[in-house]
Amino acid sequence: MPRLRAPFSSFLLLYVLCHALALWIDRGAAKPLSYAFLSATPLLAGVACFLRSRRRDAAAGNWLALALAMLLWAGGMFAGMWQDVIQQNSNVAPGLSMLLYVLYGVPLTFILASPGKDAWWLRLIDGVLAAVLGYLFFVQTFSFATMHGADAQGVVNLRLMFDIENIYIAAFALIRLAATGGGESRMFFKALSWYACVYLAVAAFNNHFDADVDFGTPVDLLIDLPFLLLFGLACSWHKAARPAVVPARLVWAVRAGSPLLLPASLLAVSAAILHGEPRHAVAGFAIAALGYGLRSILAQVGAFEERAQLNELALHDPLTGLANRRQFEASLRRAWQRVRRRDDGLALLLIDVDHFKQVNDSLGHQAGDRCLRAVAGALSACLNRGGDSLARYGGEEFVAILPVATPESARMMGEAMRAAVAALRMPAPEAETRLTVSIGVGFVQQAGDQDASLLAVADAALYRAKHAGRNRVELGML
Ligand SMILES: Nc1nc2c(ncn2[C@@H]2O[C@H](COP(=O)(O)OP(=O)(O)OP(=O)(O)O)[C@@H](O)[C@H]2O)c(=O)[nH]1
């Protein structure tokens, strides 16, 4: 059971007691008094949901839609009171209130169908589908009822419709809860699930076991329960919901499947009115198909964009924008295969910034980052052939691959890179006058099996360059 804060549970108890007293003290006025209490409970719940939505957290939109649903329900009860008490219409299914009760399901369907993290234009499509669903519900309701009420068969049909609506809301609220791991959204779906299940039970009892009993009896107290529970939950669950371990596949399946709910509901309602209202039904079918199709296309475009961003992140170094080590390794494999087939020479340049630790230590890490970006720019400006490539190998080390090269051309490229970095006007570590790089060139004319061996040769050449005083280029042959 959800635990409510003490002041709220006392208030709820007091409310039910007052409602019970109103029924007991004045039997004559029991009916209008009970109507007043029954209209006030969903209003209370609606105000609590509205205030909760003002917290502007991840579930704010859902709380707002739930507040709207409560308002519609309260309107339904108020319209029932108007027809029953003021107009003295004793039909058990007065038309306007029936309509409002049916429409109450529309914001709830919107909440269940629209995974809150979607872009606004996807939610807009959901909103349009929900509005059309509301309209077709309206058409369907008035195929059973008129503004004055419904006949016996109409009442049976309406009850069946409400049963389906209530089961559907409770079942999907539970599914959304099961697939929501934590945070404000989990708290919301927990509250919605409690409310929807209690509402389902109370409505089933009222519609099937207490169907012909008029308002103004102790059974009315039952109707207060789901709304008072929601009021309490909206007001008192300020602590974070305990996070649940949810299988990722379930989350993805529910996220991917939820958008089908609105078009599927639209198809179901259109099928239900096909016989009596064929034009509306065909329009419903078409809008359901178009809405789902458009939503899928837009969601797919979003997914492609995300995938492109991920690919970019997977293959590029975010600091310098150069290829990262993973992409370098793939490029080296390709270059190695080529040199194995054609024997046209391959050079690999390992480029290491000299005394970079001192740059960081004396000027700070951010200045160090700026230096790395400037070095990357200077190095890549030296590459002038389409097949040459440059990557950030890691830390302050870069690597260039020069296919179709000679030892001389590779050494010249190394010299050009060294000079380009030395010419940079970058702040240098205290002991040095300027920022420099040491470069080890590995060269192979006829490739064997292991591409890693070229890297080892370049590394050994770099080691020699460092030990020979830095700011120089050394060549090694494989
Ligand atoms: N600012 C910054 N520093 C980095 C980054 N990656 C590695 N470093 C720093 O690079 C420095 C590398 O230091 P060392 O390996 O000792 O090399 P060095 O000081 O350049 O000395 P030599 O290579 O022998 O000339 C370390 O201080 C790392 O913290 C980075 O992305 N940004």
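A residue is taken to be near a molecule or strand if its C-beta atom, placed from the backbone, lies within 6 Å of it. Of the 15 residues around the ligand, those that come nearest are Asp 354, Phe 356, Lys 357, Gly 368 and Gly 395. The elements that give two or more residues to this shell are β3 (346-353), α14 (356-363) and α15 (365-382), and α15 gives the most, with four residues. Helices (H or I, at least four residues) and strands (E, at least two) are DSSP runs, numbered from the N terminus.

By class, the shell holds four nonpolar, five polar and six charged residues; here Ala, Val, Leu, Ile, Met, Phe, Trp, Tyr, Cys and Pro count as nonpolar, Asp, Glu, Lys and Arg as charged, and the others, Gly among them, as polar.

## Basis of the model and overall fold

This is a predicted model, in which local features need pLDDT of at least 70 and side-chain atom pairs count only at pLDDT 80 or more, while totals for chains, interfaces and linings use all residues. Residues are numbered from 1 along each chain as its sequence is written.

The protein has 17 helices and seven strands, and buried residues make up 43% of its 478 residues. A residue is buried if 20 or more other C-beta atoms lie within 10 Å of its own, exposed if 12 or fewer, and partly exposed in between, with C-beta atoms placed from the backbone.

Helix α5 (residues 105-113) is mostly covered, since nine of its nine residues are buried, including Pro 107, Thr 109 and Phe 110.

Helix α6 (residues 120-144) has 25 residues and reaches 36 Å from its first C-alpha to its last, close to the 36 Å expected at 1.5 Å a residue, where the expected span is 1.5 Å times one less than the number of residues. Among the buried residues of α6 are Ile 125, Asp 126, Leu 129, Leu 133, Leu 136 and Phe 137.

## Annotated segments and Ala 201

An unreviewed UniProt entry annotates "transmembrane region" over several segments, including residues 120-138 and 158-179; such annotations may be inferred rather than shown by experiment, and their positions follow the numbering used here, with feature names shortened. Over residues 120-138 the chain is 100% helix and 0% strand, with the end C-alpha atoms 27 Å apart, whereas over residues 158-179 the chain is 95% helix and 0% strand, with the end C-alpha atoms 32 Å apart.

Ala 201 is found in helix α8 (residues 183-208) and is partly exposed, because 15 other C-beta atoms lie within 10 Å.
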